[in-house]
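Student: Could you help me learn how to read a protein structure? I would like to start with its surface.

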Amino acid sequence: MGKPQIPAGELGKIDVRRLPSGRYRARASTRDDSGALHRLGATAETEERACTEVRRQAMALSTGGFGGLAPSNTVADAVELWLPQILTRAKTGSLT
């Protein structure tokens with residue numbers, strides 16, 4: 001049996017190793033909001049800074065969440081959440 005898949009929008013376990021140079025390398029996998037897998041990595045002087053950079057990279061891939069939708073929601077539910085955002089963007093001129 002394989003490892004469970006990381007859910008979309010979530011960061012997997014961060015693996016940290018100390019390099020021969022004394023620096024720390026942190027690596028992790030994440031899935032963006034569309035479900036595409038990304039491998040992240042960072043090297044820093046401390047373990048904490050390396051982990052923080054990996055978390056920052058993961059946040060940069062996220063669009064900010066799923067708007068409260070669950071697998072049981074319908075397309076109509078998604079449109080109810082999406083349409084006000086689009087109308088606001090159109091009114092402010094950031095969407096044509």
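Tutor: Gladly! The protein exposes about 7400 Å², and carbon and sulfur atoms supply 55% of that area; accessible areas come from the Shrake-Rupley method with a 1.4 Å probe, and for residues only the protein chains shown count as cover. This is a predicted model, where local features need pLDDT of at least 70 and side-chain atom pairs count only at pLDDT 80 or more, while totals for chains, interfaces and linings use all residues. Residues are numbered from 1 along each chain as its sequence is written, and side-chain values use heavy atoms, with hydrogens and water left out.

Student: How much of the protein is buried?

Tutor: Buried means under 20% relative accessible area (1.4 Å probe, protein chains only). Here, 19% of the 96 residues are buried.

Student: Which elements does the protein have, and in what order do they run?

Tutor: Helices (H or I, at least four residues) and strands (E, at least two) are DSSP runs, numbered from the N terminus. This protein has 2 helices and 3 strands, in the order β-β-β-α-α from the N terminus on.

Student: In what sense do strand 1 and strand 2 pair?

Tutor: Two strands pair if DSSP finds at least two bridges between them. Strand 1 (residues 15-18) pairs with strand 2 in the antiparallel sense, over 4 bridges. Across this pairing, Arg17 stands opposite Arg25 in strand 2.

Student: What happens between those two strands in the hairpin?

Tutor: There are 5 residues between the strands, and Gly22 takes a positive phi near 100 degrees in this hairpin.

Terms used:
Buried < 20%, exposed > 50% of the residue type's maximum accessible area, 1.4 Å probe, protein only.
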